[in-house]
Amino acid sequence: MTSMLAVSQPRFVDLLPPTLQTIPEAIGKNVALARARTRSQIMAVVKADGYGHGAVTVARAAIAAGAEWLGTTDIAEASRLRAAGLTVPILTWLNPSGVDVEAAASSRIDVAVGSVDELEALLRQTSPTALRVHLNMDTGMAREGCPAHEWDALIARAREGERRGKVRLVGLMGHLPLADLADPAANAPAVSRMRQARTAVIAAGLDVPLTHLAATSGTLTDPATHFGMVRFGAGLVGIDPSGSTELHGASRLTAPIVHSAAVEAGTPVGYGGTYVTAHSTNLSILPVGYADGIPREISPEASVEIRERRYRVVARVSMDQIVIDTGAEHVPLGTTATVFGPEGGVAPTIRDWARWAGTIPHTIVTGIGPRVRRTIA
Ligand SMILES: *Cc1c(COP(=O)(O)O)cnc(C)c1O
């Protein structure tokens, strides 16, 4: 009796709220694909909350699949990984709030240094343990790395810091500006600069540091960029900026239908009435909008999956909701729609959403808002 009532009259508490489900198995498969392309160590880059997929979840899955290192942008992100019990080495490369050397050293969180000024700031602090540093050399990006004319000064200062027991040089890093082209010739100047930096470090009498240059695209397309370690980030969650490899989408974004209504032909829908129904039709509302990461500027092809079929997103994307035109189908309240999911299903993929929004998949996954519930498959 009770269950019949529940079936015919779903209560609001029965709605499954908007949910981003992370799929660890897919992350493991992506690490295996990277492993098949390189003999170097693999750093799992889990910045920006693991590209929106949950940093700890992604990190655990990547380590279980054989990744040896973790990488984040800053120490706050790295500390959360340590607090979750992850013990592998972690590198951070940009610390907007500065570096508490003692805290970083005692948590064994490595810090990349991209200028003499940054290194001096670290050397001014006192710490009972030496801070593990990686020299971050500009290999053609003019972003956070040290410009070539300053390399010798940086290396000399690092050597002095080592003698005084303040820092320990662990790594040498660069970053590839053109790896997405999937053309080894485009990477050659950066590879050559990385080799020069390495030679200069060794010539200064420092131990041979762990050298790392490649991110996802370099890992998948150009072994000459691998050196001792690759930094694999986007690829963990199925994004391949080089377009060379079929990786596995590692998440599914679902939302319940919270309202359905039949409307007449000629009905303007949403803000500005920018969409006017051509025929009598059914509209369904999903409680996710641009505050949840649904891009506001999308092409008319944008769609979601409901009960194994694709339906178009129509009208303007609101802050909290989108409207789906389900045509002749009246979709019951509480039915789950899939906004995106892994490749190979009926649901759109993250790549589809990036195309519809005229952006890259990275902005879709890192844009998923805090109201969306997170689960692990
Ligand atoms: C984000 C980032 C990476 C990872 O890049 P992907 O293309 O996402 O694999 C590697 N290194 C640095 C310095 C980064 O900022």
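How far apart are W353 and W356 in helix α11, in helical turns? I looked and found them three residues apart in α11 (residues 350-357), so about one helical turn separates them. Helices here are DSSP runs of H or I with at least four residues, strands are runs of E with at least two, and both are numbered from the N terminus.

**Ground rules.** I noted that this is a predicted model, where local features need pLDDT of at least 70, side-chain atom pairs count only at pLDDT 80 or more, and totals for chains, interfaces and linings use all residues. Residues are numbered from 1 along each chain as its sequence is written, and side-chain values use heavy atoms, with hydrogens and water left out.

**Aromatic rings.** I searched the whole structure and got one aromatic pair. The ring centres of W353 and W356 are 5.2 Å apart and the planes sit at 75 degrees, so this pair is edge-to-face. The rule: rings of Phe, Tyr and Trp (its six-membered ring) pair if their centres lie within 6.5 Å, with planes under 30 degrees apart stacked, over 60 edge-to-face and the rest tilted. Buried or exposed, I wondered about W353? W353 is buried at 1% relative accessibility, and W356 is buried too, at 6%. Buried means under 20% relative accessible area, exposed over 50%, and partly exposed in between (1.4 Å probe, protein chains only).

**The largest pocket.** I got a volume of about 590 Å³ for the largest pocket. Of its 27 lining residues, K47, Y51, R143, H175 and A215 are the closest to the centre. The elements giving two or more residues to this lining are α3 (47-51), α10 (216-221) and α12 (361-366). By class I have 16 nonpolar, six polar and five charged residues in the pocket lining. Ala, Val, Leu, Ile, Met, Phe, Trp, Tyr, Cys and Pro count as nonpolar, Asp, Glu, Lys and Arg as charged, and the others, Gly among them, as polar. Domain 1 (24-237) and domain 2 (251-376) each give at least three residues to the pocket lining; the bounds come from an automatic or database domain assignment.

**The cavity.** My count came to one cavity of 30 Å³ or more. The largest cavity holds about 50 Å³ of space, and its lining includes A142, R143 and H175. On a 1 Å grid over the protein atoms alone, a cavity is a set of points where a 1.4 Å probe fits but cannot get out, while a pocket is an open set with protein on both sides within 12 Å along at least five of seven lines; lining residues have an atom within 4 Å of a point. Points are joined across faces, edges and corners, and a volume is the space filled by probe spheres set on them.

**Positive phi.** Most residues other than glycine have a negative phi. A142 is not a glycine, yet has a positive phi of about 50 degrees. A142 sits in the loop between β6 (131-136) and α8 (151-163), and is exposed at 66% relative accessibility. R307 also turned up, with a positive phi near 45 degrees. Where is R307? R307 is in the loop between β15 (303-306) and β16 (309-314), and is partly exposed at 46%.

**Strand β9.** From β9 (residues 229-232), I saw M229 and R231 point one way and V230 and F232 the other, all of them buried.
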